[in-house]
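This report walks through one structure, part by part. Please look at the sequence and the model first.

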Amino acid sequence: MFVLMSDSSIEWTDATWNPVAGCTVLTAGCTNCYAMRMAARLEAMGTPKYQGLTRKSGQRYVWTGAVTLDEASLAAPLSWRKPRLIFVNSMSDLFQDAVPAEFIQRVWKTMATTPRHTYQILTKRPDRMAELSALLPLLPNVWLGTSVENADVLHRLDDLRTTKAAVRFVSFEPLIGSVAGADMTGIHWAIVGGESGPRARPIQEDWIDEIYGQCEDAGAAFFFKQWGGRNKKAAGRTYRGRLWDELPTLGA
């Protein structure tokens, strides 16, 4: 029996919903992905959904490229009566090539049927997201975003700008390098956070300052998630002397 949805400790959402599990390592931001570690633990516990999704590589676990399409979870949001912010696929990437377009359409149908919830979908494949979103209904309760960890993948913002969405957002987490050239035009929200965990790479405050200024220039909401590090709780999430929990205007 799987947990189909769960309350989340992620600061910018209320709950997670994982109709897909499993992924592939794509760029430097994937190196220390928490979902790989979590999937390996769940596999060791015997959870069927996570069997075969990771393999041991040196001292860590990495994705094998296999994915699980969890048919049983597709209808789960219908049973949540209280409106929630829901992060879709915290244990995967909905727009990776291994997820069929037909299955993505079924995820869309669930989201369309539950307008009381607001869904947040984050991908490292915004080119495919832009392509498929053009063929899917524009849902006012669905936010579409991409991850940008350093300047090497700033091109993802260009794909995001062409994505059909009520709200477009970017997660600069884990922020492992300067993104001084980022263009936030047409993007409504930015999440910024340092990497956390045993192999966390350090964040620099001037990298955050760059994003803060870019958000001001573009009129985008700014959310500072964490400084990160080996002990993210100790490091906290105070930036410029305060917490930054801004959210985009719904239906922007």
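How far is the sulfur of cysteine 30 from the closest cysteine sulfur, and in which cysteine is that sulfur? The closest one belongs to cysteine 23 and lies 6.6 Å away, which is too far for a bond. A disulfide is taken here as a pair of cysteine sulfur atoms within 2.5 Å, and by this rule the count is zero. Cysteine 33 is in no disulfide either: the nearest cysteine sulfur, that of cysteine 30, is 6.6 Å away. In general, a disulfide is a covalent bond between the sulfur atoms of two cysteines. Cysteine 30 counts as buried at 7% relative accessibility, where buried means under 20% relative accessible area, exposed over 50% and partly exposed in between (1.4 Å probe, protein chains only).

The model is predicted: local features need pLDDT of at least 70, side-chain atom pairs count only at pLDDT 80 or more, and totals for chains, interfaces and linings use all residues. Residues are numbered from 1 along each chain as its sequence is written, and side-chain values use heavy atoms, with hydrogens and water left out.

Helices (H or I, at least four residues) and strands (E, at least two) are DSSP runs, numbered from the N terminus. Helix 3 covers residues 126–133, and six of its eight residues are buried, so the rest of the structure largely encloses this helix. The buried residues are Pro126, Arg128, Met129, Ala130, Leu132 and Ser133. They pack against helix 2 (101–113), strand 8 (118–123), strand 9 (142–147) and helix 4 (155–161).

Histidine 117 sits in the loop between helix 2 and strand 8. Its relative accessible area is 0%, so histidine 117 is buried. Contact means heavy atoms within 4.5 Å. Apart from neighbours within four places in sequence, histidine 117 is in contact with Pro77, Trp80, Lys82, Pro83, Arg84, Ile86 and Asn141.

**Strands 11 and 12**

Strand 12 (residues 221–226) is mostly covered, with six of its six residues buried. Two strands pair if DSSP finds at least two bridges between them; strand 11 and strand 12 pair in the parallel sense over five bridges. Within this pairing, valine 192 has phenylalanine 224 of strand 12 as its bridge partner. Together with helix 5 (residues 205–218), strand 11 and strand 12 make a right-handed β-α-β unit. A crossover is right-handed if, with the strands pointing away from the viewer, the path from the first strand over the helix to the second runs clockwise.

**Backbone details**

Most residues other than glycine have a negative phi, and most peptide bonds are trans. Asparagine 89 has a positive phi, near 65 degrees, and is not a glycine. The loop between strand 7 (85–88) and helix 2 holds asparagine 89, which is buried at 2% relative accessibility. Arginine 240, also not a glycine, has a positive phi of about 55 degrees. Arginine 240 lies in the segment after helix 6 (232–235) and is partly exposed, with a relative accessible area of 47%. The peptide bond from glutamate 173 to proline 174 is cis, with omega near 0 degrees. Proline 174 is in the loop between strand 10 (167–172) and strand 11 (189–193).

**Salt bridges**

Side chains of opposite charge can pair when their charged atoms come close. A salt bridge is a side-chain nitrogen of Lys or Arg within 4 Å of a carboxyl oxygen of Asp or Glu. The structure holds twelve salt bridges, including those in the table.

| Aspartate 70 | Lysine 49 | 2.9 Å |

Aspartate 70 is buried at 4% relative accessible area, and lysine 49 is buried at 3%.

Aspartate 93 is buried at 4% relative accessibility, and arginine 125 is buried at 10%.

In the remaining pair of the table, aspartate 245 is partly exposed at 40% relative accessibility, whereas arginine 237 is buried at 16% relative accessible area. Salt bridges that share partners also join Glu11, Glu173 and Lys225 into one network.
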